Amino acid sequence: MSNTRTWVISGLLAAIALIGCGDKGTTPEGASSTPTATTTGEAKPAAGSTISIDGSTTVFPIVSVLAEDFKKENAGVDLVVNKAGTGSGFKKFAEGNLDIATASRPIKDDEIKTLTEKKIEFIEIPVAYDGVSVIVNPGNTWAKNVTVEELKKAWSKDSTITTWDQINPSFPKEKVTFFGPTDNHGTYEYFTEAINGKKNEIRKEYQPNQEYTAIVTAVGGEKGAIAFVGYNYYIENKDKVTALTVGGVAPTEATIADGTYTPLSRPLFIYVNKKSLERPEVKKFVEFALGEAGNTAVKDSSYVQLPQDVRDAIKAHFEAAESGTKMKDFKPGQKLTDVYGKK
Amino acid sequence: MTIDPALAKNLASRKRKDKIFQVVCQLAAIAGVILLVIFLSKIFVDGIGKLSWKFITDDLSNRAKRTGLWPAIVGSAYVMVLTTCISVPIGVGAAIYLEEFNKKKTGLTNLIQLNIANLSGVPSIVYGLLGRVLFIVVMGLGQSIIAGALTMTLLILPTVIIVTQEALRAVPKSYREGSLALGSSQWQAIRRQVLPNAAPGILTGIILSISRAIGETAPLIVVGAASYVSSLPKGLKDSYTVLPIKIFDWANESQEEFHKVAASAILVLMVCLLAMNSVAIVLRAKNQANAKR
């Protein structure tokens, strides 16, 4: 019997040891193939050398690419990027757990209020443009363009529209189904404000989804479907869905960047905790984001780069270390140089 | 020999029904397998192209062509080892108490027993929320690897207790009585007779619970497993990511190429799971062979 017991115990130990050794045994191997990891392991500064970032799902690709490129040049710094959503990100930012909150909409008054109560100061930095794209099924041969008015008619709170001809009489009497993101998304908030005039108000018959890929799949599978998604989800899925022109303007890099794709082109932000900026690595990271690396990251994640004049204005804004938001009176479609250029 | 025509008709009809029932059952059995084969082959076709040693050992990246999986694999391994180390002593200990020492079956222990049975059926997201409040907010552990492991412990603990109890129950009473009759203490009887005989069952149960935990995503999203970490976790309070989280993230990326990366990661996860399950099977077989001697 003791034989059996030995078996059991050795088995358990072996299992644990195997897994444990698998870790320790292979880490150096992995490290040797990626030299950065070795340096981190040895030269890790004291706690606090981790830059923690959380917030918008939309901004996540940009910031995680940035983090990855930054890590290559600054091996001693650890970065953690998450995507709990813009609102949840600000909540954690207020708890003091984040160095940087990412956002696909400007910060809200009540969020600023919480931050003020907690004595957390922040600097607002736009990092890219996104053009909320109105997408339909490729089998939709009738609709090529919609006006903002037509969109409003279809999406507003009291809308009773069920067929396409109710949006525009020249469209056929085809059933229309509405898809889009859930209300924790900055995209949802931005679209409802820009189209319906009021944040977070939307028609009753609406199928929200947490994940954009699911929205794209739904629209790709239903002839009468219409939805709004971030520009990158449209551009990466051009074979599955078509984008409508809004007021005659198609969402393209050019129209989003120069603001002619209005009112649906919008800036994306990072909000930096001013206290964290006292740590050199955080300051360095933000400067990194404001430089050419930021542009590369935006391009690599299929978003639209900010024009040079806007970037210069934002850089000056950051160097002036001005806290608070400048987006309070921002109107959808407004130029960012007007917002950040002013003293 | 003549058969009553009515009876013959009845017999034929019953035989027909018998046949139909058999076919329906066969179809049901095949349907499951076919779905699994379709699913696996789709994943395999999508994922095999990206799969390479480099993919497994490289750092995470948000550029589909460049990304590796190593931090997620290491994160999963850490969470798994920690979860095992915490849940096995507690789970097996609880089961031994409930089965072996708890002779009186008081109201309290009955309540505990009932609770454990119910807890094993609670959806995993609920454990995630519980873990978030308990470990992150109350205990202040942050979105760390230890908070993740403790949450996973909560998740698998009821199952570990129940399988251990069942394994203990399967050991014949005569073993304990024989040992006690020879003058052993209860602990000696449990240690020398009961546990070794129950071990295959316990071990299998533990490994299957752990392999459930390794595939769990929902609770870890809630307790803050990260989507991107630039380096491997070095301590219990470090940030981490795990395989299922990365699979979930990549499957939701806008770029099509990431969906292939997700498929490759699924292959890696499945190989891990299959390996663990086969270890369970082998250990079980060996122990049974030993126990028979």
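**Strands, domains and salt bridges in a predicted model**

Q: In this predicted model, in which sense do strand 5 and strand 10 of chain A pair, and over how many bridges?
A: Strand 5 of chain A covers residues 133–136, and strand 10 covers 242–243. Strands of a sheet can pair in either a parallel or an antiparallel sense. For strand 5 and strand 10 of chain A, the pairing is antiparallel, over 2 bridges.

Q: Which residue of strand 10 of chain A stands opposite V136(A)?
A: V136(A) belongs to strand 5, residues 133–136 of chain A. Its opposite residue in strand 10 of chain A is T242(A).

Q: Which strands are the edges of the 5-stranded open sheet of chain A?
A: The sheet has mixed pairing and runs in the order 8-7-9-5-10. An edge strand pairs on one side only. That describes strand 8 (207–209) and strand 10 (242–243) of chain A.

Q: What is the bridge partner of I123(A) in strand 12 of chain A?
A: Strand 4 of chain A pairs with strand 12 (residues 265–273) in the antiparallel sense, over 9 bridges. Within strand 12 of chain A, the partner of I123(A) is V272(A).

Q: Where in chain A is K119(A), the residue with phi near 60 degrees?
A: Most residues other than glycine have a negative phi. K119(A) has a positive value although it is not glycine. Its place is the loop between helix 5 (109–117) and strand 4 of chain A.

Q: Is the peptide bond from T262(A) to P263(A) cis or trans?
A: P263(A) sits in the loop between helix 11 (253–257) and strand 12 of chain A. Most peptide bonds are trans. The bond from T262(A) to P263(A) has omega near 5 degrees and is cis.

Q: What area is buried between domain 1 and domain 2 of chain A?
A: Domain 1 comprises 36–129 + 267–338, and domain 2 comprises 133–250. Interface size is often expressed as the accessible area lost when the parts come together. Carbon and sulfur atoms give 50% of the buried area, which is about 1100 Å².

Q: How far apart are the centres of domain 1 and domain 2 of chain A?
A: The centres are taken over C-alpha atoms. Their separation is 30 Å.

Q: How many salt bridges are counted between domain 1 and domain 2 of chain A?
A: Side chains of opposite charge can pair when their charged atoms come close. R105(A) and E189(A) form a salt bridge, at 2.8 Å from N to O. The count between domain 1 and domain 2 of chain A is 2.

Q: Why does the salt bridge of E68(A) with R66(B) join two chains?
A: The closest N and O atoms of E68(A) and R66(B) are 3.8 Å apart, inside the 4 Å cut-off for a salt bridge. E68(A) lies in helix 3 (residues 60–73) of chain A, whereas R66(B) is in the loop between helix 2 (53–57) and helix 3 (70–101) of chain B, so the pair joins chain A and chain B.

Conventions. Residues numbered from 1 in each chain as written. Chains lettered and ligands numbered in written order. Predicted model: local features only at pLDDT ≥ 70, side-chain atom pairs only at ≥ 80, totals over all residues. Heavy atoms only, no water. Domains from an automatic or database assignment. Buried area = accessible area lost by both parts, 1.4 Å probe. Salt bridge = Lys/Arg side-chain N within 4 Å of Asp/Glu carboxyl O. Pairing = 2+ DSSP bridges. Helix = DSSP H or I, 4+ residues; strand = E, 2+ residues; numbered from the N terminus.
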